[in-house]
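Here is a short briefing for a first look at this structure.

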Amino acid sequence: MENKKNPRLDLKRWNQVFLNLGLLIAVGAVLAAFEWKAYEEKPPMNLEDGITDWDILDIPITIQEPPRAPDPVVIPQFKPTPDDIVLDDLPNFDLNVDPTTELPPVILDDTPPTIENADEIYDFTEVQASFVGGMQGWYEYLKKNLVYPKMEQRAGREGTVILSFVVNIDGSIEDVVIRRSAGEGLDEAAKRVIEASPKWEPGRFRGKAVRSRMTIPIRFKLN
């Protein structure tokens, strides 16, 4: 036989309501405690008594020294040199010459003065400078004396170096200049073989041997 209870007398039916109400009151109390401001009560300051607690700054007294006077300007003293030096072997010029006195004639040498000028370098000549033995001799000279740098060989570097140089009247070579580079090693090898070249046949202008400038290519190619 079941026990029948009156729903109005059941005490557990209000548990959830009271729990939510308690949580709401607790949260409200915590928020109010955080927002509450407390002020320290102090007696009002009476300025008429002349007693205050102001902090007095202790400013040190600094003494500035006057600026130092600049150093006096020292004026250099020049010692005069006595003008009693006697020069020997000076011609005696007599400025007080009688206008009627006949002066000896001045005889000049008939030989004109020699003006020495540096030989001009011709870029274009009537007869171009050439290697002794012609182009065939030049190729044979390169074949025997041109050294292909080993480092460039290992690296597989090839190229054409263009050089210019001056052929003097006596056929000697000077002023070798790299006009187009193919690499430092190849440039040095080409310049070295030009500088070690035997004498050339000089160029000619108006039937006279002159200094002339030559420009030639040297090609480096691996087999």
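A189 is buried, because its relative accessible area is 5%; buried means under 20% and exposed over 50%, with partly exposed in between (1.4 Å probe, protein chains only). This is a predicted model, where local features need pLDDT of at least 70, side-chain atom pairs count only at pLDDT 80 or more, and totals for chains, interfaces and linings use all residues. Residues are numbered from 1 along each chain as its sequence is written, and side-chain values use heavy atoms, without hydrogens and water.

**Around A189**
- A189 lies in helix α4 (residues 184-195); helices (H or I, at least four residues) and strands (E, at least two) are DSSP runs, numbered from the N terminus.
- Beyond neighbours within four places in sequence, A189 is in contact (heavy atoms within 4.5 Å) with L146, V147, P149 and F220.
- A189 and I218 are 29 residues apart in sequence and 9.8 Å apart in space, C-alpha to C-alpha.

**Partners of strand β7**
- Strand β7 (residues 208-220) runs parallel to β1 (residues 121-122), joined by two bridges; strands pair if DSSP finds at least two bridges between them.
- I121 stands opposite R211 in β7.
- β3 (residues 159-167) pairs with β7 in the antiparallel sense over nine bridges, and L163 has I216 as its bridge partner.
- Three bridges join β6 (residues 203-205) to β7, also antiparallel.
- β6 and β7 form a hairpin with two residues between them, and R206 in the turn has a positive phi of about 55°.

**Helix α1**
- L24 is found in helix α1 (residues 15-35).
- L24 is exposed, with a relative accessible area of 60%.
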